Structures are given as structure tokens and as C-alpha cells.
Amino acid sequence: MPRSLEGKLAIITGASRGIGAAIAANLASKGCNLVLNYTSASSTPTTTALATSLSTTHAITAIPIQADLSTPTGPASLIAQASSAFPSSTVSPFRIDILINNAGIALNAPLQSVTIPDFEATYRTNVLAPLLVVQAALPHLPTDRSGRIINISSVSSSTGFVTQSVYGGTKAALEAMTRTWSRELAERATVNAVNPGPVEGPMYAANPPEFMAGIKGWVMHTPLMAAREGVDSPEVVEEAKESGGRPAHTREVAGIVGMLCSADAAWCTGQVVCANGGMVMLH
Ligand code: NDP
């Protein structure tokens, strides 16, 4: 049986680890070829190893591409490098079927501590970079509505978590752009966002105790975040007693993204789709 994304090409920004790497694994298992973007030189070995392992396991082509998307030229460089790696032929022009805007940075700062450099760095990475990546990808998107663009937002766009006036603002901006792009690119691709809540990994682990205390009530009221003895690991069950529940596994967020990339999701665009266990129910 042919795999559902066989022969397609996806570009995933921020794919060296965390949610981006899990999305890469999900799409690779469906036969999708991949560009795995990252920025730090220290992530070159892990991203190269991930590309090799996914290529071997799933008989696809996956390549790592280093590009700092927070710079004015980084997004265009990413698309140019991808185009060189997957050259056009007369029968198959270079085409970006799926674009996942996942790269992002977090900032926890109470209002009085927000600095202009922190504001600018966070907005450059989380807002300007996805815009410039989509701009650069535009000539290469499908022309038959089969394209898929997924922007990785956060519940922070709508929960008003303390210390996240900047981070939450960037994700609200990303969701606003999602709606505009769903109209502007309607003949090319569906455009949706997903909004994870807490997800396992260094970004979540780096949250200070005051922040964790502030979101505990939200966590306790999230239907799927209750930790389960005998299902979740003993460490997760123990930690959940303190934080109120368990964070998502990266594969759980990747599964929602994979669903939106499918042909079956063709009638869904301009949405912020739940990837948070029910932490946020209304949009
Ligand atoms: P990680 O911090 O684990 O990974 C971030 C990824 O983004 C890395 O691959 C990193 O590359 C890349 N990256 C960062 N800056 C740039 C840049 N300027 N140019 C290119 N790549 C860059 O993040 P997560 O997996 O935790 O988060 C992924 C997305 O999910 C983000 O948008 C985040 O805001 C969102 N999110 C995360 C949540 C969480 O709890 N973790 C919750 C809700 C949303 P490198 O390795 O080279 O540094």
C-alpha cells in the first residue's frame, strides 16, 4: 500500500530536537522527504544523525540545513539550500508540499523586566522568521490547494500566563498571520496553527518555579494532563504531584501536525487546532 505522504517534500524549521524532531519522525513514517532546519553549530551532529536515521529507517531523503531564521537572509537561504538539495527536473519541479514553522524561542519575563533586545529577538524568531520563510517558499508551493502550512503556536497566545507578555504576543501574532495566509494562499495550501501546552523537553524544564505555580491550576483542569499510574512512568507520576499533571510527549503534538498534513485535512484552514490535551477549548 502506498504511504500517505509518499514522495512529498516537507521543510521543518527547528527540527534538531523537541517537537520539530518528533514531527520529522511522524512525516518520515508516512514516506515524506524532509529538510531538517536548525541554527546552532552544536546541533549539526544530532540533526545530521537524525536525517541519516530517518532516511535509512523509512527509505526517504532527509537532509539537515543550517540557517539562522532570525536574520533577514536566513529564511531565503534555507529555501535556496533546499532547492539545491532537491533539484528540479523537467518532470518534477522543486516543490514544497509541506512547510512546518516550528522554530521558536521562549521568554519568561515579568512586565517590568522586559527589555527591548529580548522583545526584538523573540519577535524576530517567532514572528518575522515564519513570515519570511513563507515568503521565500511561495514560488515553490503547489498550485492545486494540496499544500500544507502548519505554524506551531502555543496556548500562551490565549491564556495570559504571567511573565509571557512577549512570548504570548508572538504566538498571538503567528495565529493572526495564520488566518490571513489561509485566505491569501487559498489556491496553494491550507494554513493552520496548532497550540501545544506544556511539552516535555528543555523549554518546559527551563520554566521557573513561579511560572509553574502560576499555571498549576490550568494544568489540573486540563482533561488529558492527569498522570496515570501504571501508564505514565513513575517519575512522571511523581512530578505531576507537584506540577498538577504531565506535559505532552512530543509525539502527541507531532500526531496532530501529521493529521493536518494529510489529504483528509483539505477542508480545514485558518484554524488554531488543539494540541494541548484540552487546556484551551475555545477559539
Ligand atoms: P526546542 O527549544 O527544543 O527546539 C527549538 C528548535 O528551534 C531547535 O531545533 C533550534 O535549533 C531551533 N531554532 C531556534 N532558533 C532558531 C533560529 N533562529 N533559526 C532556526 N532554528 C532555530 O523547542 P520545542 O521543541 O520545545 O518548541 C518548538 C516550538 O513549539 C516552538 O515554536 C515553541 O514556541 C513551541 N511550543 C513549545 C512548548 C513546550 O512546552 N516546549 C509549548 C508550546 C509551544 P538549534 O538546535 O540549532 O538551537
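Hi everyone, let me start with how a pocket is defined here: on a 1 Å grid over the protein atoms alone, a cavity is a set of points where a 1.4 Å probe fits but cannot get out, while a pocket is an open set with protein on both sides within 12 Å along at least five of seven lines. Grid points are joined across faces, edges and corners, and a volume is the space filled by probe spheres set on the points.

This is a predicted model, where local features need pLDDT of at least 70, side-chain atom pairs count only at pLDDT 80 or more, and totals for chains, interfaces and linings use all residues. Residues are numbered from 1 along each chain as its sequence is written, and side-chain values use heavy atoms, with hydrogens and water left out.

So, the pocket. The largest pocket has a volume of about 950 Å³. Its lining (residues with an atom within 4 Å of a point) comes to 44 residues, and Asn-102, Gly-104, Ile-105, Ala-106 and Met-203 lie nearest the centre. At least two lining residues come from each of α1 (18-28), β2 (33-38), α6 (165-184), α7 (202-205) and α8 (209-220). Those labels are DSSP runs numbered from the N terminus, helices being H or I with at least four residues and strands E with at least two. By class, the lining has 19 nonpolar, 21 polar and four charged residues. Here Ala, Val, Leu, Ile, Met, Phe, Trp, Tyr, Cys and Pro count as nonpolar, Asp, Glu, Lys and Arg as charged, and the others, Gly among them, as polar.

Two of those helices also pack against others. The axes of α1 and α10 (residues 250-261) come within 8 Å and cross at roughly 50°; axes are lines fitted to C-alpha atoms, for helices over the stretch in contact, with angles from 0 to 180 degrees between N-to-C directions. That makes α1 oblique to α10, given that under 35 degrees is roughly parallel, over 145 roughly antiparallel, 65 to 115 roughly perpendicular and the rest oblique. The contact (heavy atoms within 4.5 Å) includes Ile-19 and Ile-23 of α1 and Val-253 and Val-257 of α10. Its residues divide into eight nonpolar, five polar and one charged.

Next, α8 packs with α9 (residues 234-243) at about 105°, their axes 9 Å apart, which makes α8 roughly perpendicular to α9. Met-212, Lys-216 and Val-219 in α8 meet Lys-241, Glu-242 and Ser-243 in α9. That contact has two nonpolar, one polar and three charged residues.
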